[in-house]
Amino acid sequence: MVKGSLILALLFQCLCTFAQQDSILFRNIGLNEGLSQSSVVDIAFDAKGMVWMATQDGLNRYNGKNFLAVDKKFDDKTSGTSSRLGKIESAGDHFLWILVKGGHLEKFDLLSHTFLRADIFSGKNREVIVCFYPEKDGKLWVGTESGKLYEYDSHTRKVIRQIAIPVTTSQPVVNAFFKDSQGRLWIIGSTVGYLDNNKVNNVAFEPLKSKQTSSYSCMTEDSDGNLWLGSWGRGLFVKKKAEAHFHQFMGYKTRGLPSDLVIEAVLADETNRIWIGTYGKGLFIVDTEEEKLEQLVNDRRNQFSIAFNDILSIKQDAHRGIWIGTDGGGLSYFNQNGNNFKLFTDQTVPSDVEISLVRSITTDKEGNIWVGTTSKGLTQINDKRVRYKTWHFPAYKRSISNPDRIVSLFNDEAEVLWIGTQGNGLILFDAKKGKIIKRFHPDAASGLKMPDGTVWCMYPHRKNEVWLGTQSSGLCLVNARSGLMARYMPGNGPNNFTDAIRAMVSINDSTLCIGFEKTGLLLFNTVRKSFYEIGSKDIFSFFSVETSVKCLYYSDSVLWVGTGGKGILTYNIATRKTSLITEKDGLPNNTIYGILPGPDHFLWASTNKGLSRFNASVAKQNVKSFQFTNYTAEQGLQENEFNTGAFHKSSDGMLLFGGINGLNVFDPSKFNEARKTAPVVFTHILIDDKAVGDETAVPFLKEVRLGYENHSVMLNFVALNFPPLTQYHYYYKLDGYDQEWIDAGQRNYAAYMNVPANSYRFLVKYVQPGYVNKGVVTEIRIDIDEPFWEKNWFIADLVLLFLGLVYCLYRYRIAQVSKLAQMRQGIATDLHDDIGSALSNINILSELSKKSLQNTTLAHIFLDRISEEVQTSSQSLDDIIWSVNTHNDNWEETFSRMRRYAAEVFENNNILYHLKLDEQVGTAKLNMGKRRDIFLVYKEILNNINKHAEATEVEIEMCFKEKKLMMIICDNGKGFDKSKQTHRNGLKNLARRIACWKGSLTIDADDKGTRIKILI
């Protein structure tokens, strides 16, 4: 007896598990998606909303699209009676607190990607930190493995105080902290109490049957103020708001909660459901409102089941998403907003129940869902009463190869289930008794005989009467009691029309619209019992090419026709206007298997690529893609591909669509996509293909700067919506450059090249098409530097430089003019001094010679003097002309002139001279004034030697030393006394000319000769 009861209990639990799997569908995220390690010990959310996970193999960040791993290790130690796990908590702004391997507490700066260890314990007194709780003012509460409680100031990096915890056990420990709605900080460990000023007030427990020591692990609070407490090995405890003590929660009458659960995590959501994560027994959910309890465990057959049965952490994000970290299965994610599709597949029902390849659906008053499959019979589903069963029907005759192909279903007022098959006739089935009432077939006796063995579709007529659409026998009217009442064929006779009727819908009380597999549409008058055409040229033209009608729906004078490959054709009977809606307009696919109405004039259509939701107004206006919201298997559908005939609307407004992998059931009133929005964060920024900042810092950047030499910038971003909504689009705009928002679809990046220098704002949002002016905008400033030559300061400097150059040129011109004037003045002076003086002498000598004509000797003397003066004047004039000739402005011409002059002076006077000139200077340019003065100095010295030195030998050397001209002239004359005063200006002129060019003059003279050294 006991054994039998145990088996029944296990069977009941198994059935409950199947039923409960349908209400909670998880999206599992593991190694295949990029998680670095499958044991997720804790979960936290940063200030931008991205998810951070602590694993044994690193700290992971997840943005809904990609993972980023940071090299930090965490403890993962669980024993069933205790655990030591790594921890993560947001520290606000761009910081995270993390408890890494070995019990070390560190602060992670996401902006700088640096870790700062909190050295709470100094010297040899270091303790192992087990848990911590950050306050908003930068202070932390720290609990240790030895049961000590510290308050730590992260700003001063000092311990503020240590608070004693009342000890009731020989092994005290602080396992967790929790702050309730009243602001009380609870310390959870070997005892449970809350902090009151400088002491901990322990809270009592109701006595337990077992005297075993308890250790508590976690706490949460529901919206009613009740506190829920998890333990290791002692199950779940609760303290009602009005009560003073905790008592063990054992579940409800319908189902109990095991008292020996090892609970690692507990969370109360906004609907007062308590999520209980256990080690080894999966996830328990306590619905406190409806007093229900369900257990969810991993099922390898079901991809939407919990990832693993060992649960270490449960956290909720700002969008009410539940994140569950497991010890071996990675992450499981649940969000009620993305869980509106109830799912029935082979993985969520008992193994002996058939639910794949759904071909037809109906419901009854008992809440049963009846599902016809392609080849696996009829299945009954009642998840509330945990009823699952599949019926198989025998072939009416042996030649029928697939008697279980059920292609149409209808439940009449008498709760008789009409079952239309492909080839196996029509079956009337008593659902309550599970028995066949009647079978209609072409080979049956006269009372049960019907012309066709395939019934593709059914539509109610009067009580107990149903219209049947057949494969090749037209439209049949069958009475449940009397059998076939009539058969109607389009055309002139039964042999002239063989097309299959695939869909029917009522236009009014006397008119049916009939959809055929190949030949389009006809209307049927149920009073006159005749077919007739719609009378629309557009419809006639549309169906002139063979087109299959998959489904029909009629409302508000508009006929909706779902086709096989051409989209949806609409026809307004009142205005006689047609319109065609296809993939180009926003449908996910052009094959439309079923159309059902929802509230607020919205329609739902099943296709080969998921479900589509749109407003019926699309038939009356220009269709735009944003009017369609499309759903795929990623949002919880049985699969993207649905089936012909597998759609139904129940009496309570639920919509049912079936496909190749099972059945979806949902309440269409819960869908309102326009109200959803998701924040966007930046994940990568590239300037000229080089990353800007660290990946952890990018979401927190407020601006980026491009130099004038940079040509491109690319920004990657992602919407923090889990899972991503495929019907939403990214819109972005570079404000100040783009005129309009750019629709990027699902492309999550933007790139710009060669944007003019300016300061811009890059804006991005993630919204449904058509709502571009709504949604949360994320922005970042982009400053692009202009080239320095376009900057105001550079232009100003150029202007100043130009003005300076103009001024310098002006000054140079003035200097040149002044220099030229000085040169002219010098030439005039030389002409006046040399030529004028000589002419005056010639004039005087001429007069003297005239007076001395009688004295021929004296006259000859005067005439010789005149000749000398003429010669001297000619030489001076030649010197002046040579000086102003620019052709002579080089050393080569200057040395040549010096060589000629030395020859003229010394050779005529029998003086032996040696001339040594540096010939390497070539045609190097020489300033005209400097050239003139050097030559005059040279000339003056040679004339003085010729006239006064009485020398017989002269040595002249000219060379260059350290970019200076060195002139050395030596003679063997009588020398002179430098200290002796003289009225002559020769030496003074030499010194003046040399000083003018910052040169030096050195004269050494004695009775053996004179040596003159000049450096210029």
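**Exercise 1. Find how many salt bridges this predicted model holds.**

Solution. Start with the rule: a pair counts when a side-chain nitrogen of Lys or Arg is within 4 Å of a carboxyl oxygen of Asp or Glu. Applied to this predicted model, the rule gives 29 salt bridges.

**Exercise 2. Work out which parts of the chain K315 and D42 tie together, and whether each residue is buried or partly exposed.**

Solution.
- Step 1: look at the contact. The two side chains, K315 and D42, form a salt bridge with an N to O distance of 3.1 Å.
- Step 2: place the residues. K315 sits in strand β28 (residues 311–316) and D42 in strand β2 (residues 40–45), so their pairing links parts that lie 273 residues apart in sequence.
- Step 3: check the surroundings. Buried means under 20% relative accessible area. D42, at 5%, is therefore buried, while K315 has 23% and is partly exposed.

**Exercise 3. Find which helices are joined by D933 and R993.**

Solution.
- Step 1: the side chains of D933 and R993 meet in a salt bridge, at 2.9 Å from N to O.
- Step 2: D933 belongs to helix α6 (residues 928–949) and R993 to helix α7 (residues 986–996), so this pair connects parts 60 residues apart in sequence.
- Step 3: D933 and R993 are both buried.

**Exercise 4. Describe the salt bridge of K292, and say how exposed K292 is.**

Solution. The partner of K292 is E290, and their closest N and O atoms are 3.2 Å apart. With a relative accessible area of 47%, K292 is partly exposed.

**Exercise 5. Name the residues that are linked with D75 in a network of salt bridges.**

Solution. Look for R84, K101 and E145: together with D75, they are linked in a salt-bridge network.

Methods:
Residues are numbered from 1 along each chain as its sequence is written. This is a predicted model: local features need pLDDT of at least 70, side-chain atom pairs count only at pLDDT 80 or more; totals for chains, interfaces and linings use all residues. Side-chain values use heavy atoms; hydrogens and water are left out. Helices (H or I, at least four residues) and strands (E, at least two) are DSSP runs, numbered from the N terminus. Buried means under 20% relative accessible area, exposed over 50%, partly exposed in between (1.4 Å probe, protein chains only).
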